[in-house]
Structures are given as structure tokens and as C-alpha cells.
Amino acid sequence: MWNGVLPAVTTKFKEDGALDRDEMLRCFQLQMDAGVDGLIACGSLGEGPMLSHDERIEVLRLCKELSGAKPALLTIAEAATRDACELARKAARAGADGLMVVPSTIYHTDPRETVATLTAIASASELPIMIYSNRLAYRVDVTIPIMEELAKIDQFVAVKESSDDIRRSTDIINHFGDRFALLTGVDNLAFEALAVGATGWVAGLCLAFPAETVAIYRLMRAGRQREALDIYRWFRPLLDLDVSTYLVQNIKLAEQLAIGSNDRVRAPRLPLAGARREQVEQVIRGAIANRPALPVLA
């Protein structure tokens, strides 16, 4: 369940702002057809904080409808612990296979508060949890000492390592062995993380380029690093679009150009415009024009 490519899917909207169920099903099916290993709903890329709880549960159900025997996870990222616990309970009732949990958003918890928050969310359901450690975006660093406390609780089974410091991946493996499944959450560090032992990739540009993402992961697991690196070097300018304040708009534009979707977002976000849009579109179109041939994979 905590291995492979797990795309953090985008949430699709109709022109009137309502959820676009049919377009999500189409896009999610493209991911499954490419061989991804599960789906993650309503993360940062999925605009989770802009959605109501009911909308998030609807997106989760759509993921579950398409994922089959593979896991469908819901992201928990709430300002108040009470609301996070309630959403965790709703996710369990809706059939989520697990949760990806951001420790805190608006208020930046200290280590004691971080442990208390995550422990409370775990107590709200029996679902397994992947800790989302992203000190850059959320300013809460899930450090080794914090993970030592969480390791005492069986529900904490994985960590999405997004600290932007590749050394942290090795530190986690050295300290905990296989206690936590380690997944990389930074697209443009994925090759490096997989090379040092990450078992999975919570992916963003996979939404527009699923075959290439899956190919890199499978080649790395097969020990075919040279072939994976060739694809990764082509992919890098695209992967850089994930590490941006505008990651949602960037990746939705990539979906529009690569898989014929749309770039609608929920306010206060707006689609890219002007010079920024031109620059991002140039990167995407250039990559599409020079798409590499992919090797045969088992």
C-alpha cells in the first residue's frame, strides 16, 4: 500500500465552480491505465483547503471508484485539530484506505503540539496514516525526535518526506530502518530519493505525464538507473513546476496541454496569465515535443 507511484490528483471544476465528476473520473482513469499504484485526494495540489468536507469526501469516493484494489487516500490538512478529527472519521466511513496528514496549517505547532495533534487525528479513526512532512510549505518540521514519539503508535506507517533536504531521507532510514515506509513528495528530487531508498513517490506532474513517471519508478526499482536518469533529465524542467507557489496552476495547465483537460482553479487562485503563463506553457510544449521513447517494462 505504501509503495509505488501515488499521484496527488487535482480536483476538477465545471465552469460554474461545481465539482466536475465526469472529468475527474476520466483523468483518474488515465492514471490507473498508466499503472500508478493508488490515488491521493485533496492534498495541496488537489486544493483540499479550498473544498468543503462534503466535496473532499466526494473526490475521495471518485478515487475509490477508480482505484479498485489499489489504495485511495484522503489528505487531512485542517487549521483546527477538531476539524481534522471529524474529517478523518468521515474518510473512514467513506471507505478511505488511509490518510495523508499535515500536522498543522495556520498555526505552526511546536514539537509537543505536533505530536498531540497527530495523535488526536490517529485516535479519530483506525485508518493507517502517512505523515506529510513539509517544513517549507507548512512551517512544521516533523523531525526525527517527533517521529520517535509517533513510532510508538501503530497507525503511523509512512512519511511523505518533503523537507527539500535529500539527506533527511537517509537519516530516516538510518534511524528507523523499515519502521516507516518512506515516500518522496518533491517531484524534482524523486530520482535522488528513490536512489537512496524511498519506496514510493507522491507525484504531481504524473497527472499530465503518467507513463513517464511510472517508467522512472519501475526502472529505479529494477536497478536500471541509467535508463531512469535519461527520462528524469528530460522530465526535470517539468518537475520543477511542482516546486512553486503556483504548483496547482502549473500542473493544471500541464494537464490541459498534455491530456486535454482544463486549468480551472478555485478562487482565490486564478489560472496563469501573461508572461508567467507563456513561460510555463513553453516548458510544457517543449517537453511534449521532445518526449522520450520509453523502454519496455515488466
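This is a predicted model: local features need pLDDT of at least 70, side-chain atom pairs count only at pLDDT 80 or more; totals for chains, interfaces and linings use all residues.

User: Which loop holds Cys42, and is Cys42 buried or exposed?

Analyst: Look between strand β2 (39-41) and helix α2, where the loop with Cys42 sits. Its backbone has a positive phi, near 65 degrees, and Cys42 isn't a glycine. The cut-off for buried is under 20% relative accessible area. Cys42 has 3%, so it counts as buried.

User: Asp164 also has a positive phi. Is Asp164 buried, partly exposed or exposed?

Analyst: Asp164 has a phi of about 75 degrees although it is not a glycine. You'll find it in the loop between β6 and α7 (167-176). Asp164 comes in at 41%, so the label is partly exposed.

User: Which residues does UniProt list for "active site", and what is the largest C-alpha distance?

Analyst: The UniProt record, an unreviewed entry, lists Tyr132 and Lys160. Tyr132 is in strand β5 (residues 129-133), while Lys160 is in strand β6 (residues 156-161). They are spread over 29 residues of sequence yet cluster in space, with a largest C-alpha distance of 4.9 Å.

User: Is Tyr132 buried or exposed? And what about Lys160?

Analyst: Leaving out neighbours within four places in sequence, the contacts of Tyr132 include Ser44, Tyr138, Lys160 and Ser162. Lys160, counted the same way, touches Met100, Met130 and Val202, among others. Tyr132 is at 6% relative accessibility, so it is buried. Lys160 is at 5%, so it too counts as buried.

User: Where does UniProt place the "binding site" feature, and which strand is that residue in?

Analyst: The unreviewed UniProt entry puts it at Val202. Val202 has a relative accessible area of 3%, so it counts as buried. Beyond its neighbours in sequence, up to four places away, Val202 touches residues including Leu6, Ile40, Lys160 and Asp187. The strand that holds Val202 is β8 (residues 200-203).

User: How far is Ala228 from Phe191, C-alpha to C-alpha?

Analyst: Ala228 belongs to helix α10 and is buried because its relative accessibility is 0%. Setting aside neighbours within four places in sequence, its contacts are Phe191, Ile216, Leu219 and Met220. Along the chain, Ala228 and Phe191 are 37 residues apart, and in space they are separated by 8.0 Å.

User: At what angle do α1 and α9 pack, and how many charged residues are in their contact?

Analyst: Helix α1 (residues 21-34) packs on helix α9 (residues 210-221) at about 35 degrees, with the axes 9 Å apart, and the crossing is right-handed. From α1 come Leu30, Gln31 and Ala34, and from α9 come Pro210, Ala211 and Val214. Those residues divide into 5 nonpolar and 1 polar, and the charged count is none.

User: Is Ala69 buried or exposed?

Analyst: Ala69 sits in the loop between α2 (53-67) and β3 (72-76). Exposed means over 50% relative accessible area. Ala69 is at 89%, so it is exposed.

User: Last one: where is the cis peptide bond?

Analyst: Head for the loop between α11 (247-259) and α12 (274-289), where Pro268 lies. Omega is about 20 degrees for the bond, which joins Ala267 and Pro268.

Methods: Residues are numbered from 1 along each chain as its sequence is written. Side-chain values use heavy atoms; hydrogens and water are left out. UniProt positions are given in the numbering used here, feature names are shortened, and annotations may be inferred rather than shown by experiment. Helices (H or I, at least four residues) and strands (E, at least two) are DSSP runs, numbered from the N terminus. Buried means under 20% relative accessible area, exposed over 50%, partly exposed in between (1.4 Å probe, protein chains only). Contact means heavy atoms within 4.5 Å. Axes are lines fitted to C-alpha atoms, for helices over the stretch in contact, and angles run from 0 to 180 degrees between N-to-C directions. A crossing is left-handed if the near helix is turned anticlockwise from the far one by less than a right angle, and right-handed if clockwise. Ala, Val, Leu, Ile, Met, Phe, Trp, Tyr, Cys and Pro count as nonpolar, Asp, Glu, Lys and Arg as charged, and the others, Gly among them, as polar.
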